[in-house]
Amino acid sequence: MKVMVVGGGGREHALCWKLAQSRRVEKIFCTPGNGGTAGTPKCKNYPLASLQEQVQLAVDNQIDLAVIGPEGPLVMGMADILREAGIPTVGPGKSAAALEGSKAFAKDFMIRYGVKTADYRRFHKSEFQEALQYIETIKYPVVVKADGLAAGKGVTIHKTKAEARAQLHALFVDEVLGESGHTVLIEKFIQGREVSVIVLVDGTQVLPLISAMDYKRIGENDTGLNTGGMGAISPNPFYTDMYRKKFEESILNPTIRGLKSENIDYRGVLYFGLMMSKEDVYLLEYNVRFGDPETQAIIPMLEEDLAPLLYDLALGQLHEDPLRCYDGSACSVVVASGGYPGEYRSGIPIQIDLPIAASIFIAGAQERDEESGAGRLYTSGGRVLSVTGVDRDLTSACRQAYTALENIYFEGRYYRRDIGKL
Ligand SMILES: Nc1ncnc2c1ncn2[C@@H]1O[C@H](COP(=O)(O)OP(=O)(O)O)[C@@H](O)[C@H]1O
Ligand SMILES: [Mg+2]
């Protein structure tokens, strides 16, 4: 089959890498792809900017399956357009993508269907005074969440009233996030450990993938600024059967009931960002896609052929048996450009000394054709690549990833040395 993969990050490279291993896959069209997908067997990059052009590419080439990676195109309704064009697609339509596109919409949904989540109040910019009064009355720390998409910059945690006040001012008056910050949620802080659980949904059937834990802060021991993610491990060692059962009962099942009640034919990937407190598990957010960088840890753990799995999902025919995964662990370490998540340089050549006994997933790097070696990779983003080790246990998986990293070099490269240290 011919598959189109929309997006150009580490997540999409991991998806293409796995899809390319399928005997069922003949060709993969990546829009736009990156330096990693460019070098993946069966893959070809198509640097198309507009949604319309991408849909046209799918139609012209009679694509059998489209897989949409990032949230942006999903929130814009790309899945609806592809399905209208008759192309089986992995990704929810526009109305369901609002579960990620609007945190206020998602909270309303959770409340409507009794999904366990943190208590909150919602305020619009026109209610600035009410919001200021409210933060006088609550316990700290508190979480302030901008409603709309904010590329990971919309959620802040405040230890004091003064900090929370300043954030409300930034969102409502200075409009630092534009329209995304015109509505905010002020949410109770839940103490605990986080777990990411990604499930495949075909409209009725639900198949959870193996759990994961991601590392969001730039610095070791979870210090410093937030990033898109500096690494991930899978499974999440803290996600015990007790939490899994509570997740299924109080979060997953009510969510699926909610989708049915609202006649949402959800065909795609649904990501649950969860917080495990001592006794309970709370839903912090939905994402309507594979997580990045969790995918780079989860996909190498999947024993099944991804192509028929996603194809069946798109057709509403997922199998009923639990997904088969390796009985071991994955550790995925992100290598970033020096300075990230602040300013960083791009265009730095990457040196990879083969062989490497781990999987490399490229995020922000492009191929450049040069006389001296066509196809060499140059950095082009903050998060440049990740390296995933898969082995019988977490310690060996991490050792594999870190050993491989010694063979990958570019000027100013930075990575956390504590991914997978519990
Ligand atoms: N209620 C909460 N209690 C404690 N921490 C929270 C809470 N809500 C969010 N967080 C923290 O903020 C991070 C980002 O919040 P999230 O809801 O996942 O939004 P986004 O991923 O869109 O930025 C979470 O991964 C978690 O670390
Ligand atoms: Mg999140």
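Two residues are taken to be in contact if their C-beta atoms, placed from the backbone, lie within 7 Å. By this criterion, Phe238 touches Arg193, Val195 and Met276, not counting residues up to four places away in sequence. The model is predicted: local features need pLDDT of at least 70, side-chain atom pairs count only at pLDDT 80 or more, and totals for chains, interfaces and linings use all residues. Residues are numbered from 1 along each chain as its sequence is written, while chains are lettered from A and ligands numbered from 1 in the order in which they are written.

Phe238 sits in the loop between strand 13 and helix 10. Helices (H or I, at least four residues) and strands (E, at least two) are DSSP runs, numbered from the N terminus. Phe238 is partly exposed, with 14 other C-beta atoms within 10 Å. A residue is called buried if 20 or more other C-beta atoms lie within 10 Å of its own, exposed if 12 or fewer, and partly exposed in between, with C-beta atoms placed from the backbone. Met213 is 25 residues from Phe238 along the chain, and their C-alpha atoms are separated by 9.0 Å. Asp241 belongs to helix 10 (residues 241-261). Asp241 is exposed, because 7 other C-beta atoms lie within 10 Å. Between Asp241 and Ala20 the C-alpha distance is 33 Å, at a sequence separation of 221 residues.

The protein contains 13 helices and 22 strands. Along the principal axes, the C-alpha atoms fill a box of roughly 65 × 45 × 40 Å. Of the 422 residues, 47% are buried. Among contacts with a separation of 6 or more, 68% join residues 24 or more positions apart.

A nonpolar core is a set of buried Ala, Val, Leu, Ile, Met, Phe, Trp, Tyr and Cys residues joined through C-beta atoms within 7 Å. The largest has 106 residues, and Val3, Ala66, Val67 and Cys331 have the most contacts inside it. Ala66 touches residues including Met4, Leu82 and Val90. Helix 1 (residues 10-20) is largely enclosed by the rest of the structure, because 10 of its 11 residues are buried. Among them are Arg11, Glu12 and Trp17.

Four domains are assigned: domain 1 (2-93), domain 2 (119-188), domain 3 (192-315) and domain 4 (329-409). These bounds come from an automatic or database domain assignment. The C-alpha centres of domain 3 and domain 4 lie 24 Å apart. Their contact takes 17 residues from domain 3 and 15 residues from domain 4. On the domain 3 side, strand 13 (223-234) and helix 11 (294-298) each supply at least two residues. Strand 13 gives the largest share, 9 residues. This side divides into 11 nonpolar, 6 polar and no charged residues. Ala, Val, Leu, Ile, Met, Phe, Trp, Tyr, Cys and Pro count as nonpolar, Asp, Glu, Lys and Arg as charged, and the others, Gly among them, as polar.

Ligand 1 is surrounded by 14 residues, with Ala118, Val155, Ile190, Leu284 and Glu285 the closest. A residue is near a molecule if its C-beta atom, placed from the backbone, lies within 6 Å of it. Strand 9 (183-188), strand 14 (267-276) and strand 15 (281-287) each give two or more residues to this shell. Domain 2 and domain 3 each contribute at least three. By class, the shell has 7 nonpolar, 3 polar and 4 charged residues.
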